[in-house]
Amino acid sequence: MLKEKMEKALNEQINKELFSSYLYLSMSAYSQTLGLPGVASWMKIQAQEELTHANKFFDYIHERNGKVTLTAIDAVDNEFGSVTNMFKKVLEHEQFVSESINKLVDISIELSDHATRSMLMWFVDEQVEEEASVQDILDQLAMVDAKGHGLFMIDKDLSTRTFVDNTQAK
Ligand code: MG
């Protein structure tokens, strides 16, 4: 059985993952207005991935006989400036999520909830990948000054991303 403090924190994380999905969906729409269909597609897949994260917490709470409580999701911005600015906001958001996952790990340790701590390790690893992949895109954008033929090629490259539910890998 999940302890109340852990259950509450995991429920809050479901909200954060759903907010992330909503944020990236908004960024996908905004990318269309920038004329960057590849970035729009990348963002949409990012949004889908966040839903799988929310679901992983959702299923875990039930596995532990806990109660899922869904609360209101905050509104998101609809304008994100330049493409570089938008990816900087993605990186900042992922850093915020990494912090949040770390705090969950802290709570699991405090409560000696080793099962939850073990489940959370998947997210710790996932966040390293999330931050690295966004930093990689930011580096590429800087290399080409986020314009012209270089930007066109980056957009083409990002269009090749496919959706994989990697929460099912373990
Ligand atoms: Mg996530």
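Predicted model: local features only at pLDDT ≥ 70, side-chain atom pairs only at ≥ 80, totals over all residues.
Helices here are DSSP runs of at least four residues, numbered from the N terminus, and by that convention Val90 has its place in helix α3, which covers residues 83–110.

**Magnesium site**

- The magnesium ion is coordinated by Glu17 through OE, by Glu50 through OE and by His53 through ND1, at 2.1 to 2.2 Å, and along the sequence these donor residues follow the spacing E-x32-E-x2-H.
- Because Glu17 belongs to helix α1 (residues 4–33) and His53 to helix α2 (residues 37–63), the pair ties together parts that are 36 residues apart in sequence.
- Glu17 has a relative accessibility of 1% and therefore counts as buried, and His53, at 0%, counts as buried too.

- Val90 counts as buried, because its relative accessibility is 0% and the cut-off for a buried residue is under 20%.
- When neighbours within four places in sequence are left aside, Val90 is in contact with Tyr24, Met27, Met43 and Val134.
- Val90 and Glu131 stand 41 residues apart in sequence, while their C-alpha atoms are 8.8 Å apart in space.

**Contact of α4 with α5**

- The axes of helix α4 (residues 114–143) and helix α5 (residues 148–158) come within 9 Å of each other and cross at roughly 155 degrees, which means that α4 runs roughly antiparallel to α5, since angles over 145 degrees are classed in this way.
- The crossing in which α4 passes α5 is right-handed, and the contact is made on the α4 side by Ile137, Gln140 and Leu141, and on the α5 side by Leu151, Ile154, Asp157 and Leu158.

**Loop residues with positive phi**

- Ser112, which lies in the loop between α3 and α4, has a phi near 50 degrees, a positive value in a residue other than glycine.
- At 48% relative accessibility, Ser112 counts as partly exposed.
- Asp145 lies in the loop between α4 and α5, and Asp145 has a positive phi of about 60 degrees although it is not a glycine.
- Asp145 counts as exposed, because its relative accessibility is 55% and the cut-off for an exposed residue is over 50%.

Conventions: Residues numbered from 1 in each chain as written. Heavy atoms only, no water. Axes fitted to C-alpha atoms, helices over the stretch in contact; angles between N-to-C directions. Helix = DSSP H or I, 4+ residues; strand = E, 2+ residues; numbered from the N terminus. Parallel < 35°, antiparallel > 145°, perpendicular 65-115°, else oblique. Left-handed = near helix turned anticlockwise from the far one by under 90°. Contact = heavy atoms within 4.5 Å. Donors = N, O, S within 2.8 Å, 3.2 Å for Na, K, Ca; no water. Buried < 20%, exposed > 50% of the residue type's maximum accessible area, 1.4 Å probe, protein only.
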